[in-house]
Amino acid sequence: RLLERIHPDSRPVTAAEISNLMKGCASEHFENRIVDAEGRLRWLWWKGIYLPEEQLIYAAARDITVQKENEAEIRKLNESLTERATLMNAANHELEAFSYSVSHDLRAPLRGISGFAQALEEHASTSLDATSKGYLARVRRAAERMGWLIDDLLKLSRLTRAEMHLGPVDISAIAESVLASLAQREPDRTVSWQVSPGIQVQ
């Protein structure tokens, strides 16, 4: 009546294993599913041997249900991670294409702004006062800065395909650069700041 306890999906392989045992092939590692006395499905790991003199099969089983459940959970998590990785790769490709398109679309008007500011400065240099020339210079510097940002945007879009390299980053220098840029952008404001020098991170 052993097969009555075996889950239907495991009956063919269990019958085949019993047949091998009867032929004298010891079972060292055999797994199947059974339905226990309370109707719960359990995984068992078997070792068995057939003794022809007694015409009996001696077998010992270990309950590996928890292990099998853990393995199933790990497989499920791996499938979920694989799916997320696929979605992330697709999103990265879309981001790269978007960044490339935007950066190229921005370059043309940016060149126009910089070119017209330079033309105005050259054409009307004699009639412009110092304040007006300062404004034009700031327009050109802003356009140049925008060009750097576009280049950085393109580099950022390519990072998804590049290998990551660790290196030192000077946080103090970055802070000083940002503060100097803010001060240049709003020269009429008087703000004092203090940045500790030499702060680096990896």
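In what order do the three strands form an open sheet? The order is S1-S2-S3, and the pairing is antiparallel. Here helices (H or I, at least four residues) and strands (E, at least two) are DSSP runs numbered from the N terminus, and two strands pair if DSSP finds at least two bridges between them. You are looking at a predicted model, where local features need pLDDT of at least 70, side-chain atom pairs count only at pLDDT 80 or more, and totals for chains, interfaces and linings use all residues. Residues are numbered from 1 along each chain as its sequence is written, and side-chain values use heavy atoms, leaving out hydrogens and water.

Seven antiparallel bridges join S1 and S2 (residues 41–51); in S2, Leu 41 is the bridge partner of Val 35.

Next come the helices. Helix H2 (residues 11–22) packs on the sheet and touches S1, S2 and S3, contact meaning heavy atoms within 4.5 Å. The direction of H2 makes about 145° with that of S1. Helix H3 (residues 65–123) also packs on the sheet, touching S1, S2 and S3, and its direction makes about 125° with that of S2.

Finally, find Val 169 in strand S4 (residues 169–170). Val 169 is partly exposed, with a relative accessible area of 34% (buried is under 20%, exposed over 50%, partly exposed in between, using a 1.4 Å probe and protein chains only).

Terms used. Axes fitted to C-alpha atoms, helices over the stretch in contact; angles between N-to-C directions.
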